Amino acid sequence: ILFQIFDAFKSRLHDSNSKVNQAALEAMHKMIPLLKDNLSPMINMLIPAMVDNNLNSKNPGIYEAATNVIQALCQHLDNYLLLQPFCTKAQFLNGKAKQDMTEKLA
């Protein structure tokens, strides 16, 4: 059931309405410490939704919320779970997002 919830939630993480997008990222930031490794089945689905447009956003609120989410993932999930999706994102992103993901990998 958790997978179904996050499957529906992921579209809010890159919603065209910036307020919805930011609220979803802020909600995700709050959920990560509560769910921790229970997020592992959804991590490959959620990381692209959280990272793709948000780390390159010109909206400072969205960018900050996205970096907070990435930081929370690093703090609360096993780094082994994050290695593959972070490597993939670092490889294919550009701009500030690529730099941010590369720093997290290091």
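## Basis

Residues are numbered from 1 along each chain as its sequence is written. In this predicted model, local features need pLDDT of at least 70 and side-chain atom pairs count only at pLDDT 80 or more, while totals for chains, interfaces and linings use all residues.

## Helix α4

Helix α4 covers residues 60-76; helices are DSSP runs of H or I with at least four residues, numbered from the N terminus. Its 17 residues should span 24 Å at 1.5 Å a residue, and the end C-alpha atoms of α4 are 24 Å apart, which agrees.

G61, I62, A65, A66, V69, I70, A72 and L73 of α4 are buried (under 20% relative accessible area, 1.4 Å probe, protein chains only). These buried residues pack against α2 (18-35), α3 (43-51), α5 (79-92) and α6, contact being heavy atoms within 4.5 Å.

## Packing with α2

The angle between α2 and α4 is about 20°, and their axes are 9 Å apart. Helix α2 is therefore roughly parallel to α4 (angles under 35 degrees). On the α2 side the contact includes L25, M28 and I32, which belong to a set that meets α4 residues including A65, V69 and L73. By class, this contact of α2 with α4 has ten nonpolar, seven polar and one charged residues.

## Packing with α6

Helix α6 (residues 95-105) packs with α4 at an angle of about 20°, with the axes 12 Å apart; the two are therefore roughly parallel to each other. Y63, T67, I70, Q71 and C74 in α4 meet K96, D100 and K104 in α6. The contact of α4 with α6 has three nonpolar, two polar and three charged residues.

Terms used: Side-chain values use heavy atoms; hydrogens and water are left out. Axes are lines fitted to C-alpha atoms, for helices over the stretch in contact, and angles run from 0 to 180 degrees between N-to-C directions. Angles under 35 degrees count as roughly parallel, over 145 as roughly antiparallel, 65 to 115 as roughly perpendicular and the rest as oblique. Ala, Val, Leu, Ile, Met, Phe, Trp, Tyr, Cys and Pro count as nonpolar, Asp, Glu, Lys and Arg as charged, and the others, Gly among them, as polar. The expected span of a helix is 1.5 Å times one less than its number of residues. Buried means under 20% relative accessible area, exposed over 50%, partly exposed in between (1.4 Å probe, protein chains only).
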